[in-house]
Amino acid sequence: MQGTLDLLILKTVSLEPMNGWAIAKRIVQVSNSVLQVQQGSLYPALHRLEHQGWIKAEWKDSENNRRAKFYSLTAAGRKQLKSELDNWRRLSGAIELVTEAG
Amino acid sequence: MRWLAKFRSTVQWLLRRGRAETQLDDELRYHCEREIENNVRAGMPLEEAKLAAQRLIGPVSLYKEECRDARGAGWFENFIRDLRYAARMFRRTPVFTVVAIGTLALGIGANSTIFTFVESILLRSLPVPDAQQLVSLNWGPITSIFATGIGHFRALPPAVTMRRT
């Protein structure tokens with residue numbers, strides 16, 4: 001689901017500036033490998049989010065001393081993250097209500 | 001003003017297209033290298049690690065395309081590609097090209113000539129003050145009731161009438 005990936009990315013880069021590879025790895029790790037982020041959807045999503053002005057990019061040395069593009073959340077991104085989180089909670093809560101209804 | 005920011009982002013991407021493309025390459029290559037490193041650390045020989053990373057990552061050029069689209073810059077790339085394609089096609093059919101270009105050239109030329117003519121005669125006002133008060137004088141044979149044998153005056157449109165005194 002496209003919207004969900006946006007949410008995951010926004011949440012992940014809200015913790016600290018991260019490069020694409022680290023974002024993908026972190027999502028896999030934190031979700032106990034349930035969520036796999038393909039490069040093919042990660043990078044277009046990153047560029048789309050940057051284009052929207054929700055994240056901004058900066059070239060910095062990465063942990064292994066190579067230049068990498070680090071993404072961090074902007075003020076507009078923080079607002080967007082909040083509204084997407086609210087949305088997601090409402091949606092997942094509603095699905096739970098329906099599926100758990102006895 | 002979000003659309004303005006987006007528009008600026010697209011324009012920036014297009015203006016620094018060469019750099020943007022290099023950075024996109026670098027970004028994706030970095031990912032690939034980290035993936036290979038990971039595989040090597042997990043005990044794979046280098047060649048196998050490369051292949052495994054490629055298999056996992058998939059068609060990079062397609063991703064690049066999608067990143068450009070995400071920037072709203074895809075249409076520009078497509079436009080350039082269409083232009084190139086058109087140029088190639090024209091080169092392959094020179095006779096058609098010459099006829100098409102000739103037709104256009106003649107059409108445009110004739111049109112602009114006629115327009116220039118019409119414009120200078122009908123549309124542009126005369127280069128004098130109070131051009132609407134201008135009168136045309138005709139000297140000719142006696143045809144009018146005002147005729148005197150010397151000539152007659154006739155007013156150009158509307159109410160300005162000149163009389164002999």
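**View 1. A:Gly3 lies within helix α1 (residues 2-15) of chain A.** Helices (H or I, at least four residues) and strands (E, at least two) are DSSP runs, numbered from the N terminus. The model is predicted: local features need pLDDT of at least 70, side-chain atom pairs count only at pLDDT 80 or more, and totals for chains, interfaces and linings use all residues. Residues are numbered from 1 along each chain as its sequence is written, with chains lettered from A and ligands numbered from 1 in the order in which they are written. A:Gly3 counts as exposed because it has 11 C-beta neighbours inside 10 Å. Between A:Gly3 and A:Ala45, the C-alpha to C-alpha separation is 9.7 Å, against 42 residues in sequence.

**View 2. Strand β3 (residues 67-73) of chain A is largely enclosed by the rest of the structure, since five of its seven residues are buried.** Strand β2 (residues 55-61) of chain A pairs with β3(A) in the antiparallel sense over seven bridges; pairing requires that DSSP finds at least two bridges between two strands. A:Lys60 has A:Ala68 in β3(A) as its bridge partner. Strand β1 (residues 18-19) of chain A also pairs with β3(A) in the antiparallel sense, over two bridges, and A:Asn19 stands opposite A:Phe70.

**View 3. The hairpin of β2(A) and β3(A) has five residues between its strands.** In this hairpin, A:Asn65 adopts a positive phi near 65 degrees.

**View 4. Helix α6(B) is hardly covered.** Among its 30 residues, the count of buried residues is zero.

Notes
Buried ≥ 20, exposed ≤ 12 C-beta atoms within 10 Å, placed from the backbone.
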